[in-house]
Amino acid sequence: MSAIDNFGMILRELRKLRGLTQDDLASRTGRSLDAVSQWERGVNWPSFETLIRLSEALDVPVESFFEQNTANRSGDRLKKEVEARLLLGDLTDGDLVVAVEQLRALAKRR
């Protein structure tokens, strides 16, 4: 999967996880519905200014849109990793400690 395809998939997942429609995201960023659709389909890249607007609209850091080393990951796995990072970011410090302990226990099962 190409970098622009990954970006589109991540954007779409973040938008859905935040409970927004493409139209909602377009309104929050001051961009068109068509532009949002093109980004999600990997047709076009947003400008840097728009990346910042997307970051603010979705309440995530800009780097959340970019994944490296995705060659061995399926689309479903990438979607779950995006969801997991978003959920981790919303946890309290105490809950994050518990989540990390649970992840560590799951990782040991391999």
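Leucine 96 lies in helix H6, residues 93-108; a helix here is a DSSP run (H or I) of at least four residues, numbered from the N terminus. This is a predicted model, in which local features need pLDDT of at least 70 and side-chain atom pairs count only at pLDDT 80 or more. Residues are numbered from 1 along each chain, and side-chain values use heavy atoms, without hydrogens and water.

Me: Why is leucine 96 called partly exposed?
Reply: Its relative accessible area is 32%. Buried means under 20% and exposed over 50%, with a 1.4 Å probe and protein chains only, so 32% falls in between and leucine 96 is partly exposed.

Me: What makes H3 mostly covered?
Reply: Of its 8 residues, 6 are buried. They are Ala35, Val36, Ser37, Gln38, Trp39 and Glu40. Their cover includes H1, H2 and H4.

Me: Which residue with positive phi follows H3?
Reply: Glycine 42 follows H3, with phi near 75°.

Me: What makes a set of residues a nonpolar core?
Reply: They must be buried Ala, Val, Leu, Ile, Met, Phe, Trp, Tyr or Cys residues joined through side-chain atoms within 4.5 Å. The largest such core here has 20 residues, and Leu11, Leu14, Leu54, Leu58 and Phe65 have the most contacts inside it. H1 (3-17) is among the helices that each supply at least two of its residues, and the largest share, 5 residues, comes from H1.

Me: Which residues does leucine 14 touch?
Reply: Contact means heavy atoms within 4.5 Å. Not counting residues up to four places away in sequence, leucine 14 touches Leu58, Val60, Ser64, Phe65, Val82 and Leu86.
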